[in-house]
Amino acid sequence: MRTRKIVFLTAMCLTLLLFSACGLFEEEETTTPDYTYTPAMEQMGSEDEYGGVIPDEPETEGTKLDEDELNSLNKMLFVNRYGENWYYRSVPVLWSSENPADIDLYTLFYNGFVGECDNLTYDEIDYLSMQTGLEADQIREMGQFRLPESKMDMVLREYYGITLTETNMVGLNKCIYRSETNCYYVLRNDTSSVNIGLHSAYEQADGGFIIYYSGNEKNPAPQYVMCLEPNDFGSYTITMNKPVG
């Protein structure tokens, strides 16, 4: 049974890698965004830099993956850090209420969409100039991110099980909206980058996973927990992503 699971996870990994697009994460030099993970301390139960105790892994239902299976799951979901890997992009998107309507959309879509960056039209630049007071030449020199509502909605439907209108629009106050294009716009000169290390994972009866992870790739701790459930898109919906404890 475990051998079959390893083969399945490996096949899923190869499929995702083949169909993933290269995007903004390919930039080697990035400015640290206004959200980052605090790397987990190397010893369990020790204190992080803010004085908070990193919890031990709680008792969890399901079948715990062995090392090979955990590595296969990691490759399937997180190893591709370029393009539109929404599992990887979801790592910083923590919500404490266990309600995906509360996710920070500005954080989730921080790196924009492939094909929607640094290619604003003259009309869009003029609109943003009027809204921000910046000169058009200044805007052309900045990083330009266009967030179409339709693409945001597609991501939210597949990976969070909700529509854009069903969210609480958290974080979108940092964007500029234009009704003529049905798009949000962000002007910024950096992209996000996060570190992740899987500590453990438990396969559920429905084929989903409960995953414990942290920002320490070499010696991860069960600092955060993410829950995935299979969906009708042939992928997984993220139903929980929060600190442990």
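Both Y106 and Y110 are buried, where buried means under 20% relative accessible area with a 1.4 Å probe and protein chains only. The model is predicted, so that local features need pLDDT of at least 70 and side-chain atom pairs count only at pLDDT 80 or more, while totals for chains, interfaces and linings use all residues. Residues are numbered from 1 along each chain as its sequence is written, and side-chain values use heavy atoms, with hydrogens and water left out.

Rings of Phe, Tyr and Trp (its six-membered ring) were taken to pair if their centres lie within 6.5 Å, with planes under 30 degrees apart counted as stacked, over 60 as edge-to-face and the rest as tilted. Ten aromatic pairs are counted by this rule. The pair of Y87 and Y159 is edge-to-face, because the ring centres are 5.2 Å apart and the planes stand at 85°. Y87 lies in helix α3 (residues 86-89) and Y159 in helix α7 (residues 149-160), so this pair ties together parts that are 72 residues apart in sequence; helices are DSSP runs of H or I with at least four residues, numbered from the N terminus. Y87 counts as buried at 4% relative accessibility, and Y159 counts as buried at 13%. Y106 and Y110 also form an edge-to-face pair, at 5.5 Å centre to centre and 80° between the planes.

W86, F109 and F113 are linked into a cluster by ring pairs. R89 lies over the face of W86, 4.5 Å from the ring centre, and R188 lies over the face of F145, 4.3 Å from the ring centre. A charge sits over a ring if NZ of Lys or CZ of Arg is within 6 Å of the ring centre and within 35 degrees of the ring normal.

Conventions:
Helices (H or I, at least four residues) and strands (E, at least two) are DSSP runs, numbered from the N terminus. Buried means under 20% relative accessible area, exposed over 50%, partly exposed in between (1.4 Å probe, protein chains only).
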